[in-house]
Amino acid sequence: MGLINLLENEYDLYGVRWKQEPHIIMTDFGEKRLRYWKDEEMLKWHVRWRDESSKGSSAVPDRMIRTRDGESAVFDGKHWITLHDYAETLFGCEEVERWGQFIGQLLTASVQGNYRKDLSVEYPVFDYNHCLELAQNYTDGTFQILNTSLAEAKKRLRFADALHKKVQNTQVPILEKEICIANGKRIFHFLFYQGGDSKPVQSYLPIRNFLFEWLEHNSPLSLKMLLTEIDRIFPLSGDNGLLLLAEITTPWELTDCLNRLDNTSLEKMVEGMNMYEAIWDANRTFLKTVTEWFDEKRRKVAL
Amino acid sequence: MTTEKETLNYGPVLFHYDLFPEKLERHGKVKKVITKRGTFALKEAEMNEEERSWFTHVIQRLSEIGFHQVVPLYPTKFGDYTVQLGPKTYYLMPWFASDERNERAKDEVLLDHLGKVHALTLKEQDFSNEVVEHSYQYLMNRWENRQFEMERFTEEAEQKTYMSPFELTYLSHFHQIMRMTEEAKRRLKDWYDTCQREKRYRSVLCHGKVSRNHLIFNPTGEGHLLNFEKAVLDTPVRDLAVYFRRAAHQRDWTIEEGKVLLDLYEKHVPLLNEERGLLISYLSYPEPVFNAVDLYSNKRTQFSQIELVHRLESRIRAMKKIRDFCDAIMIAPPPAFEENASNKIHINNEEDHI
């Protein structure tokens with residue numbers, strides 16, 4: 001029995017045909033996406049975070065459509081296959097409130113979900129020594145910005161470590177490795193978030209990256225509004241906020257900046273340095289905006 | 001008529017069912033959703049997570065224990081039975097068109113179904129003095145506080161030189177209303193004493209909001225109960241009191257009709273003497289009259305004096321019918337419950353949970 005037949009039988013679908021083999025199909029209920037899983041534990045985690053983060057939220061993640069028997073996946077002998085809704089229209093960044101609700105709900109579910117059991121997760125760790133190795137090729141005076149940034153990075157790292165030490169017993173969320181704006185699609189007028197299938201990470205790094213991406217597309221004020229909306233659902237005033245701040249303070253961009261440098265020609269070198277400066281500056285603005293938001297929030301609470 | 005805005009508003013809910021409405025019609029808190037895949041009823045409710053979970057559990061459990069005359073819930077494509085959007089909860093059911101031909105039989109079917117649900121879920125509870133004591137004290141306190149409020153209203157009205165027509169009407173029935181209140185309290189005390197003596201009380205799954213509007217007929221004419229949002233484990237008398245109190249307010253309702261319906265119910269669950277007493281107690285307490293007084297006191301500017309007087313008079317008339325009904329049902333029928341008790345399927349018989 002082919003995959004199409006399997007899907008038609010298990011999901012009570014009719015007239016299923018490929019739109020984009022092997023991922024997108026056309027059905028009598030519209031376009032649907034297929035995902036293939038080899039690791040059952042990981043599949044279970046992906047089912048759970050989607051189910052849990054959809055509760056009470058006006059944003060909807062691409063939850064697994066259930067089979068006629070109520071199962072979240074079918075097995076074709078090789079993989080577990082899941083069926084999801086599919087949309088192409090981007091949601092965009094205008095509706096900050098909806099994004100904030102979604103991220104807040106996602107964080108709440110990730111922290112409360114007790115996902116850790118039997119699940120293999122990654123823990124992203126910033127490697128300062130590796131950055132020093134990469135920077136060794138660029139030590140002369142021409143690369144003054146690089147030396148300055150290394151010193152600044154070290155300072156930030158110390159600050160992040162101090163924050164981490166302060167909140168050692170707080171649950172760190174387990175999240176998808178990549179959370180990005182482009183995954184937000186529009187169905188009717190709600191935010192439909194298309195998740196992925198990657199191995200999860202236990203870290204605030206995906207949220208940090210999302211917030212940074214938000215600032216790339218929007219103003220600092222918009223980022224602050226987003227943080228306020230997240231805070232309504234998932235309070236950032238306590239330890240969770242400190243952990244997020246620690247992740248934002250960690251100079252993750254340093255590795256990225258150094259990897260972009262290329263001293264094979266003068267032209268590439270100049271281009272690389274310009275890029276380095278731009279990324280470094282953008283991250284400075286990011287850090288400044290977030291710390292400002294935390295300060296403003298603290299002041300409001302104090303009042 | 002459906003507007004594009006309405007379709008958009010309900011789009012996020014209907015998305016969970018992969019339904020695209022061609023037309024939406026408002027019928028109170030229910031939307032009639034017409035789609036290419038059929039016609040559905042979308043109910044909007046306010047329930048917290050615990051209530052949602054209990055509600056879906058009740059519907060599923062009723063089916064498991066063999067009561068199929070419940071309007072089924074359709075699962076979403078994600079396997080949930082409710083959709084939560086902001087503060088609202090939604091659930092989807094098949095749409096059954098109202099059938100005027102069955103309207104007359106509605107009360108009989110309703111009481112018959114209620115009896116079946118109660119019989120299937122009947123459970124003699126382990127006696128808990130704490131529970132009985134709490135229930136008794138709570139209700140008695142509430143009733144006495146209400147009685148005190150009404151007495152105060154009476155005293156204030158009596159001090160006026162010119163009483164309003166509403167106050168005059170109320171005062172002319174005051175002693176009779178207070179007699180009913182005392183009767184209700186006496187019956188409640190009797191129930192409490194019997195529970196203490198017999199060390200028993202029974203619970204069933206109560207619908208919680210028994211009403212003719214919560215029974216509809218499917219295309220084959222079979223009656224189905226709906227709206228179990230307020231379902232609760234309690235004495236069977238709870239549902240009966242809600243039903244009879246409401247029924248007595250219908251102009252053409254008669255005591256004979258009430259007796260026939262109670263007999264019909266008791267074919268499934270014969271009431272114990274103390275339960276009958278408790279039913280009389282619940283029914284005797286003139287809460288509808290007190291509510292009419294509340295309305296007069298708090299919202300008199302929103303209604304005309306004549307409307308308020310008519311409302312009060314209609315409630316007093318209904319209470320008189322209730323009093324006669326209570327007199328008529330006071331004679332206990334022969335006990336039949338004990339023989340059948342062992343054959344009942346209990347909703348709680350697995351791990352003592354519904």
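Which elements of chain B each supply at least two residues of the lining of the largest pocket? Select helix 4 (129-158), helix 5 (165-198), strand 7 (201-206), strand 10 (232-234), helix 6 (237-248) and helix 8 (273-284). This is a predicted model.

**Stop 1: the largest pocket**

The pocket has a volume of about 880 Å³. Its lining counts 33 residues, and the closest to the centre are B:L139, B:D234, B:T235, B:R238 and B:Y282. Then colour the lining by class: 18 residues are nonpolar, six polar and nine charged.

**Stop 2: the second largest pocket**

Stay in chain B. Centre the view on B:H27, B:V30, B:N213, B:H214 and B:L226, which lie nearest the centre of the second largest pocket. About 730 Å³ of space lies here. Strand 3 (38-45), strand 5 (88-94) and strand 8 (215-217) of chain B each give two or more residues to the lining. By class, the lining has 14 nonpolar, six polar and eleven charged residues.

**Stop 3: the contact between the chains**

Now show both chains. Select the contact: 18 residues from chain A and 18 residues from chain B. The buried area is about 1500 Å², with 64% from carbon and sulfur atoms. On the chain A side, pick A:F29, A:R63 and A:F188; they lose the most area to chain B, together 39% of what that side buries.

Next, turn to the polar links. Four salt bridges join chain A and chain B. Zoom in on one of A:D28 with B:R37, at 3.9 Å, N to O. Six residue pairs are in polar contact between the chains. The chain A side of the contact divides into eight nonpolar, four polar and six charged residues.

Notes
Residues numbered from 1 in each chain as written. Chains lettered and ligands numbered in written order. Predicted model: local features only at pLDDT ≥ 70, side-chain atom pairs only at ≥ 80, totals over all residues. Heavy atoms only, no water. Contact = heavy atoms within 4.5 Å. Buried area = accessible area lost by both parts, 1.4 Å probe. Salt bridge = Lys/Arg side-chain N within 4 Å of Asp/Glu carboxyl O. Polar contact = N/O pair within 3.5 Å; in protein donor to acceptor, adjacent residues only side chain to side chain. Nonpolar A, V, L, I, M, F, W, Y, C, P; charged D, E, K, R; others polar. 1 Å grid on protein atoms, 1.4 Å probe; cavity = no way out; pocket = protein on both sides within 12 Å on 5 of 7 lines; lining within 4 Å. Points joined across faces, edges and corners; volume = space filled by probe spheres on them. Helix = DSSP H or I, 4+ residues; strand = E, 2+ residues; numbered from the N terminus.
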